[in-house]
Amino acid sequence: MNLVSTQGDAAALAAIGANLRQQPAGDEASLAAAAGRRARRRRLLVNVARLAVLVVVVGGWQLFTQWKIVDPFFFGQPSGIVLKLKDWVEHGTAYGSIWLQIGITMKEALLGFGYGTVTGIVLGVLLGQVPFLADVIGPYIKVLNAIPRIVLGSIFVVWLGFGTPSKVLLAAVLVFFVVFFNAFQGVREVDPNLVANVRVLGASRFQTVRDVVLPSAVVWIIASLHVAFGFAIIGAIVGEFLGAQQGLGLVISTAQNNFDPDGIFAAMLIIAIVALTAEGLISQLEKRLLSWRPRSSVETAGL
């Protein structure tokens, strides 16, 4: 009788233990499902709020111009912007197809983005690793960074003419300073104890930079790219303003000279779409390169 009772108690304890072992897994699954539902609801609310803001701004703009509260001659109107874009797509601009203008500006911006990013990373890592070079070259970089970009653009036009090189160089300069300072600071923020341990284990300076410094600084570098591409577009547009034969900057300049706000806003809309597309691609690159990093509370919430 006691043996049966003991076996029954053992079976009951085993069942309780099994339930206790299964409970955390069930709790984790339910918590994950609840977090997923909250994230989806938040994304839906964010998207609805964004759409509402767009409708209010664009709809209010259209109504104010129709009611003559705001003069459409100076401020344009959304319907006029749509008609201008349609005209450009069907008949082109004064300088050729609108797609050609977009392609030229994006070519200048992408080349400037590439050159500026590579140069900024290389010089930022180099100066961050060699304090003597940082002390020697640092003041000159700060002086160049203080020069207004419009002045540099004028000098580049004088040197290189109205073609693509002057726009690419101006875009590269704008990108360079953003990426350089982030790369330099990212290298300086690397844990010195970690670097010292790697060197003690026999790693060369190149191996230390490749395997420790760059992976540690990549968060800073990637963060700078979100801003850098916008500066690349700005550099290309400003360069075309100063002097060009084709490009969106020239289209905007012509619309300005003709008192055509719809044309200016239409070109701005094209630039905004391109910039948002590039931002999305850079965000995807960031997710891939920084997949090892724990997600922040904002990312977990669904932004």
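## A loop residue to start with

Phenylalanine 259 sits in the loop between α10 (248-257) and α11 (261-289); helices here are DSSP runs of H or I with at least four residues, strands are runs of E with at least two, and both are numbered from the N terminus. Just after α10, phenylalanine 259 adopts a positive phi of about 50°, although it is not a glycine. Most residues other than glycine have a negative phi. Phenylalanine 259 is also exposed, at 59% relative accessibility (exposed means over 50% relative accessible area, buried under 20%, partly exposed in between, with a 1.4 Å probe and protein chains only).

Lysine 68 also has a positive phi, of about 65°, without being a glycine. Look for lysine 68 in the loop between α1 and α2 (72-75); its relative accessible area of 62% makes it exposed.

## About the model

This is a predicted model, in which local features need pLDDT of at least 70 and side-chain atom pairs count only at pLDDT 80 or more, while totals for chains, interfaces and linings use all residues. Residues are numbered from 1 along each chain as its sequence is written, and side-chain values use heavy atoms, leaving out hydrogens and water.

## The whole chain

The protein chain has twelve helices and zero strands. Of its 303 residues, 33% are buried. Among contacts with a separation of 6 or more, 73% join residues 24 or more positions apart; a contact means heavy atoms within 4.5 Å.

## An enclosed helix

Back to α10: seven of its ten residues are buried, so this helix is largely enclosed by the rest of the structure. Those buried residues are Leu248, Gly249, Leu250, Val251, Ile252, Ser253 and Ala255. They pack against α3 (78-91), α4, α9 (205-242) and α11.

## A buried charge

Glutamate 108 belongs to helix α4 (residues 98-129). Glutamate 108 is buried yet has no salt bridge, and the nearest side chain of opposite charge, lysine 167, is 5.6 Å away. A salt bridge needs a side-chain nitrogen of Lys or Arg within 4 Å of a carboxyl oxygen of Asp or Glu. Beyond its neighbours within four places in sequence, glutamate 108 touches Thr164, Lys167, Val168, Ala171, Ala236 and Glu240.

## A positive patch

On the surface, Arg37, Arg38, Arg40, Arg41 and Arg43 form a patch of positive charge. Such a patch joins like charges within 9 Å, using residues with over 30% relative accessible area and no salt bridge. One of these residues, arginine 41, lies in helix α1 (residues 2-66).

Methods. Patch = residues over 30% accessible without salt bridge, like charges linked within 9 Å, V, L, I, M, F, W, Y side chains within 5 Å. Areas by Shrake-Rupley, 256 points an atom, 1.4 Å probe, with all protein chains shown as cover. Lys, Arg positive; Asp, Glu negative; His and termini not counted. Charge placed at Lys NZ, Arg CZ, Asp CG, Glu CD.
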